[in-house]
Amino acid sequence: MLTFDSQKFKDSLTQDHIYGGFPAIQKYGISHNHNDLVYDYHLTNHFKKAYLSTNHSRYSDLETFHRVLNKYRYWLNDRLNEYANTQFIKEDTFAADKLVETAVLRYAEYLAVNSKGNLNTIFRFGPNKLNSVLETPQFLEEFKSLYIDYNNALNDILPEKFDYQRICAYCWISLEANYHPENVIEITSYYLDQISNQVWDDNQLITISSESNLVNHYTDNKGKQRGLDNFWRAYLSISWPLAQTLKHSKRYDEALSVYEKTKKITERQIHYSTGRNRILEAAIEAYKLSPTLENKEWCYKMLYEVSKRDIDNCSENTNEIFLILYMFYKHVLGKKLQ
């Protein structure tokens, strides 16, 4: 049984950790991998030049702001479609490499516009949430629900709605604070085991568990999901704080196992573009931990698959694809942006 002690949570944080911005999260806590990437990108001279040359005041008008963001969305969508219409040959990476390099350079313009002149907005859910968390007593009380719900779930007592996004949000705050990361591993591992039965079918695909009490609770007698919009969304979301914590704890083989399973989920299960992005991201993460030729080929294969899906919005989805292409640029192409 796990417990959350709000006073110990507060006492564990130094002033530098609370007020030191994103660098303090990297130094003292466990940061979100997307934030690591965008922080690295915004330090490049290439981005700084684009940022300084951007007239941020014009984007206070939302209509103008969204029109310009959509310009980059459609540009990137066209580049991806062009690549999707080529024949995939794993030995020939020229078209893929060109796509990645071109997109990484253009990302500077998009990110500069998207920031609206405030670099704190480029981070996923903010650069450092600890100060706002500590100043909101209600939030600390609600934090306990992560532990309460988990303990109840162990006894087959489940809430009416399985809010996996709330689980992930509290897990990431725990990691930013470096508050008992071993608890995050335990909680996320449990929910992942409940969602999937952790076995492979003939095509090496994870399948949704038909025996889990959690899955059965959120599925009616006709097999229709209720209280949870998509089991695969939950699986991909919950797997990320788990894998990031395992890496931070130097449990690399276990982290690699999470990424290996994630990257095997194909279009048969994932029908939304951010889910496909996550699978490409998992392939890159697996390659970082195990830089084999097979894993590198997986990265190119998943890039090709991702390019087949249209970008469905000009904000989160567009930004995420740009960011993961930068991840590909750094770790698969092995290049450094100046």
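At what angle do helix α13 and α15 pack, and how far apart are their axes?

## Packing of α13 against α15

In this predicted model, helix α13, which spans residues 231-248, packs with α15 at an angle of about 25°, and their axes are 11 Å apart. Because angles under 35 degrees count as roughly parallel, the two helices α13 and α15 are described as roughly parallel to each other. The crossing in which α13 passes α15 is left-handed.

On the α13 side, the residues that take part are Arg233, Leu236, Trp240 and Lys247, and these meet Thr274, Gly275, Arg278, Glu281, Ala282, Glu285, Lys288 and Leu289 of α15. Sorted by class, this contact of α13 with α15 holds 6 charged, 4 nonpolar and 2 polar residues.

## Glutamate 285

One of the α15 residues that meet α13 is glutamate 285, which lies in the helix formed by residues 273-289. Glutamate 285 has a relative accessible area of 1% and is therefore buried, the cut-off for that class being under 20%. When neighbours within four places in sequence are left aside, the contacts of glutamate 285 are Asn33, Lys247, Tyr259 and Met327.

## Cysteines

The count of disulfides in the model is 0. Cysteine 171 is in no disulfide, since the nearest cysteine sulfur, that of cysteine 168, is 6.4 Å away, whereas a disulfide requires a pair of cysteine sulfur atoms within 2.5 Å.

Cysteine 171 counts as buried at 1% relative accessibility, and cysteine 314, with a relative accessible area of 8%, is buried as well.

Notes
Residues are numbered from 1 along each chain as its sequence is written. This is a predicted model: local features need pLDDT of at least 70, side-chain atom pairs count only at pLDDT 80 or more; totals for chains, interfaces and linings use all residues. Side-chain values use heavy atoms; hydrogens and water are left out. Buried means under 20% relative accessible area, exposed over 50%, partly exposed in between (1.4 Å probe, protein chains only). Helices (H or I, at least four residues) and strands (E, at least two) are DSSP runs, numbered from the N terminus. Contact means heavy atoms within 4.5 Å. Axes are lines fitted to C-alpha atoms, for helices over the stretch in contact, and angles run from 0 to 180 degrees between N-to-C directions. Angles under 35 degrees count as roughly parallel, over 145 as roughly antiparallel, 65 to 115 as roughly perpendicular and the rest as oblique. A crossing is left-handed if the near helix is turned anticlockwise from the far one by less than a right angle, and right-handed if clockwise. Ala, Val, Leu, Ile, Met, Phe, Trp, Tyr, Cys and Pro count as nonpolar, Asp, Glu, Lys and Arg as charged, and the others, Gly among them, as polar.
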